Amino acid sequence: MTSTSRPSAQTFAQFMASLPRSEIDRVNELNRKEAMAQHKAFRQAFKAGSCSFCGNPLTSFDVSKPCRHWLLKPEGVRKEHIEQLATDLSWSILENYVRWVANEESFAQNINDLADEGTGKLLELTVKFKNLEWSFSCGATDLSGHDGGGDHSKVPHWHFQMYVDGKPFVRYNDYHLPLSEADAGFLELMRAHPGKVHRRLAGGTGMSEVFHESMLETLVTQGRSGASEEEAERAPIKLDTVIMADPGTTIRGEDIYNLIQAARAEGVTATSKMRELKNVSVLTTISAGPGVVRQAPRSKRKRRRDRGVEKHDRARDEQQKREAKKPKT
């Protein structure tokens, strides 16, 4: 890596870590107000089919005027244009933009920034909007710079992937994109203080915020059950509940059935109704539902949900093979 990029990121991280809490809160509030104003302008323009940053239609493309709305792939945009844009603007600006775009279609569930669905990198998330999908990645070795990718890999960099209609348009390994000084400094701060540094983006709420510890009780008590199987397949939240009778007592299946029917009639979660049972302990596990976009980590390791799908598919295929071998009557 270059001799100046690493100290610069470390200096930024050390400076941020040295700020008193009151100053951090003050700066965060200023940034929040500015972001909210930008997001309001973005929403108004986006709904009208125009870009709040360049003022042109979202379908426009002018190679001499790079703009973040190029990520929507207007006609004429090629992968080298995305490289140019990502090099000029770095990671955080583009991530913020696609988060805003994704939440125009569906709140939070099109933004998978859940740590347990990734592979432990500093930056790892996937964002979806209609037929577009964007993924961002930066590991510790990317931040430090490494050999094996030419000069571009030796400086702090990040990786980007973009799919259009389910097909790769830009792959992770296509480019080593340079991090801006501020972005490298922020990631260095994250590395130096694991689990203590978070980004909260006005208008860009993702699933990690939905699953914040402070929100878990609300998800159970105020969540809504799907009215149909199709709606359930689009659900952003999955609740798995285990009910255990207290020692010396039993659970009547009829009571559980009645509560499930009552939950459906009221449109609330079955889990919330289970708490009405007497002499039982209720344990609930909350996870991302089938309606949440799948994270596309930069690793060969499969997500747990993907492994489960593969296992199910293999079992189904084996069953079909067995059925095909049976003699026809």
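Guide: T269 is buried, with a relative accessible area of 7%. This is a predicted model.

Visitor: Where is T269 found?

Guide: In the loop between α9 (253-266) and α10 (270-274).

Visitor: And what is T269 in contact with, leaving aside neighbours within four places in sequence?

Guide: L219, V220, G223, R224, S225, L239 and A263.

Visitor: What about A265, buried or exposed?

Guide: Exposed. A265 has 70% relative accessibility, and the cut-off for exposed is over 50%. A265 is found in helix α9.

Visitor: Let's zoom out. How many helices and strands in the protein chain?

Guide: There are 11 helices and 8 strands.

Visitor: What share of the residues count as buried?

Guide: 36% of the 329 residues in the protein chain.

Visitor: And the accessible surface? What does it come to?

Guide: About 19200 Å² for the protein chain. Carbon and sulfur atoms hold 51% of that.

Visitor: What share of contacts with a separation of 6 or more comes from residues 24 or more positions apart?

Guide: 63% in the protein chain.

Visitor: New topic: α2. What should helix α2 span, and how far apart are its end C-alpha atoms?

Guide: Helix α2 covers residues 21-47, which is 27 residues. At 1.5 Å a residue, α2 should span 39 Å. The expected span uses one less than the number of residues. The end C-alpha atoms of α2 are 38 Å apart, so the two values agree.

Visitor: Which residues in α2 are buried?

Guide: A35, H39, F42, A45 and F46. The cover over the buried residues of α2 includes α3 and β2 (123-129).

Visitor: What follows α2?

Guide: G49 does, and its phi is positive, near 80°.

Visitor: You mentioned α3. How do the axes of α3 and α5 cross?

Guide: At roughly 45°, and the axes come within 8 Å. Here α3 is residues 79-105 and α5 is residues 181-192.

Visitor: Which residues make the contact?

Guide: From α3, S90, W91 and S92. From α5, D183, F186 and L187. The residues of this contact divide into 3 nonpolar, 2 polar and 1 charged.

Terms used. Residues numbered from 1 in each chain as written. Predicted model: local features only at pLDDT ≥ 70, side-chain atom pairs only at ≥ 80, totals over all residues. Heavy atoms only, no water. Helix = DSSP H or I, 4+ residues; strand = E, 2+ residues; numbered from the N terminus. Buried < 20%, exposed > 50% of the residue type's maximum accessible area, 1.4 Å probe, protein only. Contact = heavy atoms within 4.5 Å. Areas by Shrake-Rupley, 256 points an atom, 1.4 Å probe, with all protein chains shown as cover. Axes fitted to C-alpha atoms, helices over the stretch in contact; angles between N-to-C directions. Nonpolar A, V, L, I, M, F, W, Y, C, P; charged D, E, K, R; others polar.
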